[in-house]
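Thanks for making time this morning. I will show one model and go through it a piece at a time.

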Amino acid sequence: MTRPVLHVITDESLQQRFTHEELAQRITEAGADFLQFREKRFKDTQALLSTARALHQICLQSINTRLIVNDRADVAFPIGDCGVHLGDDDLPVAVARQILGPERIIGGTLNNPKNFSISWARHFNYLGVGPVFGTHSKKNPAPPLGLDALSQLCQASPVDVIAIGNISLKNIDDVLATGVAGVAVLSAIVCSNDPAKQTQEFLKALGT
């Protein structure tokens, strides 16, 4: 059985100490499985593509880490094996699949269990489910999901469930006990003084 995977989400809004590229260097050297490029500020497409390409080059230098671009299938498309993570207001998954083809990773966001269906979930490679314990990274977040609902979705989902939302080293064991295939972490890693060390600590908690 493979261990749960670690997605680390980059950010330059909640913290200003590190750039996306500097975070990527630290996170990939520490061995994260996936690096998610997240940019919620307004940036033109060329600027997003330039940053995504730089992050991809950093990922290529690592042994384990693959790049996923949040929200923008058009930015992910020209970059090698880059995947995309789609939110509720992004392109429909069927359109993103037409753009990216059958081999690319496409993740989807699930914030409300009432929106879950097996037929919908099957279009994705994984579902980012949460916020499990709430979140500080969004202006209008969905209410906390909780561990019981997360466990039920893990049992029902035909694709991997990646838990997200204020996941820390203190609560990660409870999250893993629900049966998730991995966790996605933002604040606990990128807002720390040492993102590389924190990434390594999370990987240890996941069984590396």
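Phe77 counts as partly exposed, because its relative accessibility is 45%. The model is predicted, so please take every value here as computed from predicted coordinates. Phe77 sits in the loop that connects α3, residues 73-76, with β4, residues 83-86. On the surface, Phe77 belongs to a nonpolar patch together with Leu91, Val95 and Ile99. The accessible area of those four residues together is about 300 Å².

Next, the sheet. How many strands does the closed barrel have? There are eight, in the order β1-β2-β3-β4-β5-β6-β7-β8, and the pairing is parallel. Ignoring direction, neighbouring strands of this sheet are turned by 25 degrees against each other on average.

Strand β1 covers residues 5-9. Four of its five residues are buried, and therefore β1 is largely enclosed by the rest of the structure. On one pairing, β1 runs parallel to β8, residues 182-185, with four bridges joining them. Val8 stands opposite Val185 in that strand, β8. β1 also pairs with β2, again in the parallel sense, over three bridges. Here the partner of Val8 in β2 is Leu35. So much for Val8: it has a bridge partner in β2 and stands opposite a residue of β8.

Moving on to β2, residues 34-37, this strand is joined to β3, residues 66-70, by four bridges, and the two run parallel. Two residue pairs can be named. Leu35 has Leu67 as its bridge partner in β3, and Phe37 has Val69. As for β3, four of its five residues are buried, so β3 is largely enclosed by the rest of the structure.

Now the charged side chains. The structure holds eight salt bridges, and I will pick out a few.

Take Arg3 and Asp33, whose side chains meet in a salt bridge with an N to O distance of 2.9 Å. Arg3 is in the segment before β1, whereas Asp33 is in the loop between α1, residues 20-30, and β2, so this pair links distant parts of the chain, 30 residues apart. Which of the two is buried and which is partly exposed? Arg3 is partly exposed, at a relative accessible area of 26%. Asp33 is buried, at 13%.

The salt bridge between Arg38 and Asp11 has its closest N and O atoms 3.2 Å apart. Arg38 lies in the loop between β2 and α2, residues 45-60, and Asp11 in the loop between β1 and α1; the pair therefore ties together parts that are 27 residues apart in sequence. Both ends of this pair are buried: Arg38 has a relative accessible area of 7%, and Asp11 has 2%.

A further salt bridge joins Glu39 to Arg41, with 2.7 Å between the closest N and O atoms. Glu39 is buried, with a relative accessible area of 13%. Arg41 counts as partly exposed, at 33% relative accessibility.

Last topic, the cysteines. How many disulfides are there? The count comes to zero. Cys59 is in no disulfide, and the nearest cysteine sulfur, in Cys82, is 8.4 Å away. The cut-off used for a disulfide is within 2.5 Å between the sulfur atoms. As for accessibility, Cys59 is buried, with a relative accessible area of 3%, and Cys82 is buried too, with 0%.

To recap: the predicted model has a closed barrel of eight strands with parallel pairing. It holds eight salt bridges and zero disulfides. The nonpolar surface patch is formed by Phe77, Leu91, Val95 and Ile99. That is where I will stop.

Notes
Residues are numbered from 1 along each chain as its sequence is written. This is a predicted model: local features need pLDDT of at least 70, side-chain atom pairs count only at pLDDT 80 or more; totals for chains, interfaces and linings use all residues. Side-chain values use heavy atoms; hydrogens and water are left out. Buried means under 20% relative accessible area, exposed over 50%, partly exposed in between (1.4 Å probe, protein chains only). Patches are made of residues with over 30% relative accessible area and no salt bridge: like charges are joined within 9 Å, nonpolar side chains (Val, Leu, Ile, Met, Phe, Trp, Tyr) within 5 Å. Accessible areas come from the Shrake-Rupley method with a 1.4 Å probe; for residues, only the protein chains shown count as cover. Two strands pair if DSSP finds at least two bridges between them. Axes are lines fitted to C-alpha atoms, for helices over the stretch in contact, and angles run from 0 to 180 degrees between N-to-C directions.
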